[in-house]
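I opened my notebook to follow a few strands through this structure. My entries are below.

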Amino acid sequence: MELDAPMPALAPAAPQLLYQPIADVQQGGVCAVALVGPCNGDSNDDGDDNARGQAVDRALLRRACQDLRGWRDAGLPAVRLAVRLSAAQLGERDLASAIGVLLAEFDIDPAQLVLEIAESVLAGAGGTIATSSASAALTPLHRLGAGLALDQFGATASLLSHLESFPLGSVNLHRALVHNADAAPDDAARIKTIISMAHQLGLLVRADGVDTEAQCAFLSRNMCDQIQGACFGAAVSAAAIATLLAARHSLPAHLLRFPRSNKRTLLLVDDEPNIVSALKRLLRPDGYQILSACSGQQGLDVLASHEVDVIVSDQRMPGMLGADFLRAAKVRHPHTIRIMLSGYTELQSVTAAVNEGAIYKFLTKPWDDDQLRGHIGEAFALKEIADDNERLNLELRTANHELACANRKMEELLRQKQQQIALGESSLNVARELLQFLPLPIIGLDDEGMLAFVNAAADTLFIGRGAILGGEAAIVLPELFAAGALRSGTHASTIDGRACQVLVHPMGSSSTSRGSLVAISGAQQP
């Protein structure tokens, strides 16, 4: 949702806001909500780009923060709030401070707010990348502690090589890519590349516009971290979000990154009902969950809405040959094990399908019951081995991603520490130079009584004693200790026959410094 230019404070009769839930693909629950905009009375609003493009001012952001605080006060699970920034707002100098004041007012951790910036905004006019100016605009928001996400990413390749240049925490895949992810090989390959690159940089990946289970299953298998779309939930009111959170609304188990379902699902595709019935009677004792379809197209529809392990298909069917159906199933659902069972052998088409890997085994009708059950059992065993390998691979990739995220955080902490050190060194150099040019003799002692600093006036005062820096103060400058150990405050002393006042200030009361600062007055040559 875009935040438009500042507007007057929120009126008491402000409209209710719409939010769309975002799912954590690994755990399944609601991890965030995206601010869609004010409710217009249309309960079918699905939170698409047009809805999210409505202008949202700071007053509505205040209302969203109020809702976020309300969910927390009701004891509901914590979620993050995703809000889109416009190009104009990104250039506002007071944006970070205004958001900081708003978050402080509702006692909201800045990390609970995710500010989204469209790829086209960072790319600028004509697709030119001004990384320095864009990064400078994002830095105050990053320092505030809010999450930053690159929205509508992947429609072009303009920013793919510039992700490291911005202080981002996540990227949101463009819905145009997601729409055909389960069917278009080019879009699928681009999504896999983006997810892999983002994870190597320690970034989270969210997919927008996930409307079907097939899209969600593809994204889950390929390590997408979060999904938003009709598949998980439409845009609803704050009260409805509270209901979802209270009910622990979650993705179905079979759509999680690590599915918890142990069902063995078999799909039978044959245009002869008696053949399907006979196969069901034969295979039901083996404990399979059996689905059926009477044509290739119907089989693809079943695959789009169900997680299937093994497919057994006839060859000669109206509308689509079995070899063509299994070839399409391989492209859209490559993790299935595909078997052809037919009384006809169109050698050319079947051989081509086998050579392409679309068919695992070719079996003939009529079949031998024990042999058929054995082949199907072997297919499920092969599928389970492949599933175990995939699960181990996903666990390894998940661990690598978590490590990359931890490394990114450590690098950020290191950068902050280095900046603090550089700032401290700069301040120290300024202070040292200031003390050097003071006409008053100034001496710095460490906590062991060693001379750690002597300014020019002190050097002049004690010039006849040689190099005193680094010496033990009680030995090199015994006059300072005439009244005993140095104590905080002022005491009289005599240096080279001249009466003087010695001011001792212990360091460390307002800094991490240790030791004492000694100022001597009245001892200089007239």
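Which residue in E14 is the bridge partner of leucine 268? I looked it up and found valine 312.

First, the ground rules. I am working from a predicted model, where local features need pLDDT of at least 70, side-chain atom pairs count only at pLDDT 80 or more, and totals for chains, interfaces and linings use all residues. Residues are numbered from 1 along each chain as its sequence is written, and side-chain values use heavy atoms, with hydrogens and water left out.

Strand E12. I took helices (H or I, at least four residues) and strands (E, at least two) as DSSP runs, numbered from the N terminus. I count strands as paired if DSSP finds at least two bridges between them. E12 pairs with strand E14 (residues 310-313) in the parallel sense, over four bridges. With strand E13 (residues 289-293), E12 also pairs in the parallel sense, over five bridges. There, threonine 265 has glutamine 289 of E13 as its bridge partner.

Burial. I call a residue buried under 20% relative accessible area, exposed over 50% and partly exposed in between (1.4 Å probe, protein chains only). Five of the five residues of E12 (residues 265-269) are buried, so the strand is largely enclosed by the rest of the structure. Thr265, Leu267 and Val269 cover one side, Leu266 and Leu268 the other.

The open sheet. I traced five strands in the order E18-E17-E21-E20-E19, paired antiparallel. Strands E18 (451-454) and E19 (489-495) are the edges, each pairing on one side only. Strand E17 (residues 442-445) joins E18 through three bridges. I noted glycine 444 with phenylalanine 453 of E18 as its bridge partner.
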